[in-house]
Structures are given as C-alpha cells and as structure tokens.
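Work through the following exercises with the sequence and the model open side by side.

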Amino acid sequence: MPTKSLNTKKIIVVVGPTATNKTNVAIALAKELNGEIVNADAFQVYRELNIGVNKPSTGELKQAPFHLIGNVSIKDKWDIKRFQKEANTIISGIYERKHIPIVVGGSHLYVDALILSYDLDSAPERDNSFDNLSIDELIAELKKYDTELVDKIGKNHKRLVRALQIANFTSVKRNHKKPIYNPLYVLCIKPREQLYEDINKRVDQMIKNGWYKEVSSLVGEFHNYNTLNAFKAIGYLDIAHALTHPKSIVDIEKIKRNTRHYAKRQLTWIRHHYTNVCEYRQNNLKEIIKSAKSWVEE
C-alpha cells in the first residue's frame, strides 16, 4: 500500500443506524486494507456494558485490532472531549504503524467531533442556557435547527432541552479547527421495514442472552446507577427500574420502539451530514472493499 495514501491522513469511517452490521463491515475492511478499528460508539467503551450495547464478541475482537472497546469503567468519566483526544492519539499511532484507521460507530456526534475536528477546548460540560425556557420557547428555538425533530419530540421539556443542547453544540463548535483527516464514509443501510424488524429481533435476542442478568448485576454493584452516564444507553434504566420495583415489568416494546426511533434519528443525521459516501446495502461487501482499496491507493 503506497505510503502516499497514509501521508494524506486518509481515514475510513463506517457509519449507519443500529443493527446494520457496521462491525462486520469494519472487520472486513480491516482485514483487506491492513486496518485498525477505532470504536466511536459512546457506550461500547464501558467494560461493564456488554449485551445491551451489542459490544463486539470475543471472536470478533480477535479478527482485527480494536481500540476503545471496554477500556473504561462506568465509574469513570467519559465524554466527547475525552473520546476526541484519545482517538486522535490512537489514530496517530495507527499511521505510524503504516496501517489504515477505520472508525466505526453509531454515535455520530462523536464521529463528527473526531473527523471534522470540533474545537472542544473551550466547550462547556453542559449548556444550561435552555433549562429555564418554556416549552413554547424551546420549540421556537429548535425549529431554527430541525422542524422535523420538533414534531417527533412534542411537548417534552427535557427532550426539547437536550435536542437544543446538541443542535447548538454542533452548530457553534463545528469546524473551529481545520479538519486533519480525509474521510471516506461507508454508510450501512437496510430497507426501513427490514431494519425495524431486525432491531426488534435483536432486542429479543439480547433478552435471551441475559440482558436482565447483566443489568441486575450492575444495579447490585453500582447503587447510584441512575446517575451514571453509562445507563443512558437504551434499555438499561428501563430494565433497572423493573428489577428494583417488584410491581413493575420490563416494557420490551418500549425498548424496541426507542431503539427504532434512535435508528431513524441516526439515518437522518447521516443523510444531512456526510459526503463522499459508499453505501453498503448488506449484499455488496466486495464492491465496498474494492471502492475503499481504490480510494486509499489513489
């Protein structure tokens, strides 16, 4: 592989909604391109979370070099700023080894912070400027960024505040520094009906694989679990609440619905944010590998 390609800091970024086989695609690309995989999922980084975040299996982790998988405890602080710093350091090492970095994950704000070099040095831990606004004021503000999202959220004050924090962050912080990478995006997609069906099946499989037991163990070990960032991963608080309240049951359909909504938001983000995209449609892996090889070597 020509050194020239590495000197231009080319990087492959595998993105897409949940349940679209991003990990498998990243592994295949790593094998073919002498690559190393950098995880950009905000929750797979926690060592105690496994089943509910669909962390790569032991077998998958043996197939290619992985970074930022299970390397921090849920007791530790992990945020977008720390991710950006550590991922940049890891990628520098990958280039030194004359390998190709392959970033993969569904946390697209993390992906953008890395690839587009967000200036996070002066970013606040949390923007509280929206907390005291009324619901009508929040809706008016959010409409400036995303009218479709307003319709989806409705009149939920907490969700409106969070959406505005994200929208404001991405608008203000993007491109404050010159991007240091030249990305090729591989977008993993499926027809929507198939995607939603696969999400439902995957949640059922997580339950069969022992998700309740995993959460029960975490609740027993971390009594302040409801304050931990890790428990923001879809489903964990729902299961924890049911396990700690005898008259409650886990609303599996709610977890499935929330996951489907998350996948829809992921896809909307991708469609509006990325250029230079190859689409992996679940049946064209050889074509994706060929395109990626050609791009890396040009």
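## Exercise 1: A strand and its partners

Strand β1 (residues 10–15) and strand β5 pair in the parallel sense over 6 bridges, where two strands count as paired if DSSP finds at least two bridges between them, and where strands (E, at least two residues) and helices (H or I, at least four) are DSSP runs numbered from the N terminus. This is a predicted model, in which local features need pLDDT of at least 70 and side-chain atom pairs count only at pLDDT 80 or more, while totals for chains, interfaces and linings use all residues. Residues are numbered from 1 along each chain as its sequence is written, and side-chain values use heavy atoms, with hydrogens and water left out.

**Solution.** Next, turn to strand β6 (residues 277–280), which pairs with β5 in the parallel sense over 4 bridges; here Y185 stands opposite V277 of β6. Finally, consider burial, for which buried means under 20% relative accessible area, exposed over 50% and partly exposed in between (1.4 Å probe, protein chains only). Of the 7 residues of β5 (residues 182–188), 6 are buried, so the strand is largely enclosed by the rest of the structure.

## Exercise 2: The surroundings of N39 and V104

**Task.** Describe the setting of N39, and then of V104, which N39 touches.

**Solution.** Start with N39, which is found in strand β2 (residues 35–39) and is buried, with a relative accessible area of 3%. Its side chain takes part in polar contacts (pairs of N or O atoms within 3.5 Å; within protein, one must be able to donate a hydrogen and the other to accept it, and residues adjacent in sequence count only if both atoms are side-chain atoms). The side chain of N39 reaches the backbone nitrogen of D41 at 2.9 Å, and a polar atom of that side chain lies 2.8 Å from the backbone oxygen of L68.

Now move to V104, which lies in strand β4 (residues 100–104) and is buried at a relative accessible area of 8%. Leaving aside neighbours within four places in sequence, its contacts (heavy atoms within 4.5 Å) include V14, K22, I37, N39 and D41.

## Exercise 3: Positive phi

**Solution.** L68, whose phi is near 65°, sits in the loop between β3 (66–67) and α4 (80–96) and is buried, with 6% relative accessible area. S117 has a positive phi of about 55° although it is not a glycine; its place is in the loop between α5 (108–115) and α6 (135–142), and it is buried at 8%.

## Exercise 4: Salt bridges

**Task.** How many salt bridges does a search of the whole structure find, and what does the pair of E298 and K10 tie together?

**Solution.** The search finds 12 salt bridges, each being a side-chain nitrogen of Lys or Arg within 4 Å of a carboxyl oxygen of Asp or Glu. In one of them, the closest N and O atoms of E298 and K10 are 3.8 Å apart. E298 lies in the segment after α13 (285–297) and K10 in strand β1, so the pair ties together parts that are 288 residues apart in sequence. E298 counts as exposed at 52% relative accessibility, whereas K10 counts as buried at 6%.

For a second case, take E253 and K256, whose closest N and O atoms are 3.5 Å apart. Both lie in helix α12 (residues 252–273), 3 residues apart, about one turn of the helix. Salt bridges that share partners join D204, E253 and K256 into one network.

## Exercise 5: Confidence

**Task.** Decide which stretch of the chain calls for caution in reading.

**Solution.** The mean pLDDT of the chain is 89, and 91% of its residues reach 70 or more, pLDDT being the predictor's confidence in each residue, from 0 to 100. Over residues 1–7 the pLDDT is below 50, and beyond near neighbours in sequence this stretch has 14 contacts in the model. Where pLDDT is low, the predicted coordinates should not be read in detail.
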